[in-house]
Amino acid sequence: MMIMMVPEATESEIDRVVTTLDSTGTVHAKVVPGQDQVAIAAIGDVVAVREMGVEALSGVDRVIPLSRPYKLASSELSHHTPSVFDIAGRRISPATFCIIAGPCTVESRRQTLRVAQSVAPNAAMLRGGAFKPRTSPFSFRGLGRPALDILAEARELTGLPIVTELTDLQQAEAVAEVADVIQIGARNMQNYALLEVAGRLGKPVLLKRGLSCTLEELLMAADYILKEGNEHVILCERGIRTFETAMRFTLDLGAVPWLKLHTHLPVIVDPSHAAGDRRLVEALACGAAAVGADGIIVEVHEDPEEAMCDGPQQLHTRDFPRFAQRVLATAALNGRRAA
Ligand code: PEP
Ligand code: MN
């Protein structure tokens, strides 16, 4: 339910409504400032909210049901205003386009620092996995903690904020110490304990869509992070499982405009994991920019043929500047500048 306060409602009237809602223990109350009116989202036990008769409290204008299954992520909650925020000086907004680039995996200090330096002039952030969720337990699963030190050094060297994945509750603090953005991978989109912990680490979270998850499920997963008080969530479409097997996954570009209608959260696209083939990555990345994405996350390697993971889809560092310029030129058609 959304409790709309009258335009002249006082702080103490707003506090009183919040305290009344919180007193149930089953309702989550969130104050949403608006241009003319403050709204208070009451999420959880709808019956309890109805029974407490908040309409009668002083300063309340009216109570409107929140119609969608996702709540905090819903654009209903933000009065259809998109979220805007900065990550280490890089702006995520409808006027900017954020290119996150780097290797699939941190393989060595040399490899990571070289890629970081190559992408730095044309990228807004550096990606690189320290902990890799692999389909087979016998595949390379990342260097682990030593990779975090390498990523920290790469940030020192280039100034690029770091995006790296958290796969395991036990590594949460170590990852949060280095990451400017904590990535939750597709395979963990519905790992609710991990989402709640990620929501409490005080860092923005990049939430990737699960391989077989609907967009409503993605937004409900985002609610797990948002309800911990973390408002800086970025969604990522990275391709889904369909009957089509020609490409690694089927990139759902329609997800971008759909999400823009239904959530206030920023949306980026991962063309690399969707394509599984570097020859397709630029077309998909430009497609993402054309349909209104807020950015992309793309894999780049100096010598992809020798990469320990996802070699066929990683762009060559030498091709990256031209790639980035083309994607940014497409984003510019939507009124966006580089983040
Ligand atoms: C990744 O970005 O490194 C990754 C493993 O992607 P996904 O979770 O989308 O498969
Ligand atoms: Mn990868």
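On a 1 Å grid over the protein atoms alone, a pocket is an open set of points where a 1.4 Å probe fits, with protein on both sides within 12 Å along at least five of seven lines, and its lining residues have an atom within 4 Å of a point. This is a predicted model, in which local features need pLDDT of at least 70 and side-chain atom pairs count only at pLDDT 80 or more, while totals for linings use all residues. Residues are numbered from 1 along each chain as its sequence is written, and side-chain values use heavy atoms, with hydrogens and water left out.

The largest pocket has 23 lining residues, and those nearest its centre are Lys-30, Ser-78, Ser-83, Glu-231 and His-264. Strand E2 (residues 27-32) contributes the most to this lining, with four residues, a strand being a DSSP run of at least two residues, numbered from the N terminus. For the second largest pocket, 20 residues form the lining, and Lys-132, Pro-133, Arg-187, His-273 and Asp-310 are the closest to its centre.

The table gives the volumes, each being the space filled by probe spheres set on the grid points, which are joined across faces, edges and corners.

| Pocket | Volume |
|---|---|
| Largest pocket | About 460 Å³ |
| Second largest pocket | About 280 Å³ |

Elsewhere in the description, Leu-215, Glu-216, Leu-218 and Leu-219 of helix H7 are in contact (heavy atoms within 4.5 Å) with Ala-255, Trp-258, Leu-259 and His-262 of helix H8, where a helix is a DSSP run of type H or I with at least four residues.

Key. Chains are lettered from A and ligands numbered from 1 in the order in which they are written.
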